[in-house]
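Walk through this structure one step at a time. Begin with the order of its elements, then turn to how some of them pack together.

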Amino acid sequence: MLTLVEAAAVARTSSAAIQAWLKSGQLTRYGTVRRILVSRRQLLEVLRHQPPALADDAEVPDDAIEARAAQYARGG
């Protein structure tokens, strides 16, 4: 599971875009009222179906995705 900020970092987009995907039903919201979580697997599936401008077609290893998400979550 990814937080909203981590999901935005992985998707290379804004938190608002992730929230729009949640609102449209493209992503399922998990977590509590105060903490939005999304499935990393579901996010990657959504990204695979986005136009190339919104998704990187190159395969990124899971550990690289996790490291990037952690970096952004720390504010970096």
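From one end of the sequence to the other, the elements come in the order β-α-α-β-β-α-α. That gives the chain four helices and three strands. Keep in mind that this is a predicted model.

Now consider the chain as a whole. It has 76 residues, and 34% of them are buried. Of the contacts with a separation of 6 or more, 49% are between residues 24 or more positions apart.

The helices come next. Helix α1 covers residues 4–11, and helix α2 covers residues 15–24. At what angle do the axes of these two helices cross? They cross at roughly 100 degrees and come within 8 Å of each other. An angle of 65 to 115 degrees counts as roughly perpendicular, and α1 and α2 are therefore roughly perpendicular to each other. On the α1 side, the residues that meet the partner helix are L4, V5, A7, A8 and A11; on the α2 side they are S15, I18, Q19, W21 and L22. Sorted by class, this contact of α1 with α2 has eight nonpolar residues, two polar ones and no charged ones.

Helix α1 also has a contact with helix α3, which spans residues 40–48. The axes of α1 and α3 come within 11 Å and cross at roughly 35 degrees. This crossing is right-handed. Which residues of α1 and α3 meet? From α1 there are A7, V10 and A11, and from α3 there are L43, L44 and L47. The contact of α1 with α3 consists of six nonpolar residues, with no polar and no charged ones.

Y30 lies in strand β2, which is made up of residues 30–31. Is Y30 buried, exposed or partly exposed? Its relative accessibility is 36%. Buried would need a value under 20% and exposed a value over 50%, so Y30 counts as partly exposed. Leaving aside residues up to four places away in sequence, Y30 touches M1, R35, I36, L37, V38 and S39. Y30 and T3 are 27 residues apart along the chain, and 9.4 Å separates their C-alpha atoms.

How values were computed: Residues are numbered from 1 along each chain as its sequence is written. This is a predicted model: local features need pLDDT of at least 70, side-chain atom pairs count only at pLDDT 80 or more; totals for chains, interfaces and linings use all residues. Side-chain values use heavy atoms; hydrogens and water are left out. Axes are lines fitted to C-alpha atoms, for helices over the stretch in contact, and angles run from 0 to 180 degrees between N-to-C directions. Angles under 35 degrees count as roughly parallel, over 145 as roughly antiparallel, 65 to 115 as roughly perpendicular and the rest as oblique. Contact means heavy atoms within 4.5 Å. Ala, Val, Leu, Ile, Met, Phe, Trp, Tyr, Cys and Pro count as nonpolar, Asp, Glu, Lys and Arg as charged, and the others, Gly among them, as polar. Buried means under 20% relative accessible area, exposed over 50%, partly exposed in between (1.4 Å probe, protein chains only). A crossing is left-handed if the near helix is turned anticlockwise from the far one by less than a right angle, and right-handed if clockwise.
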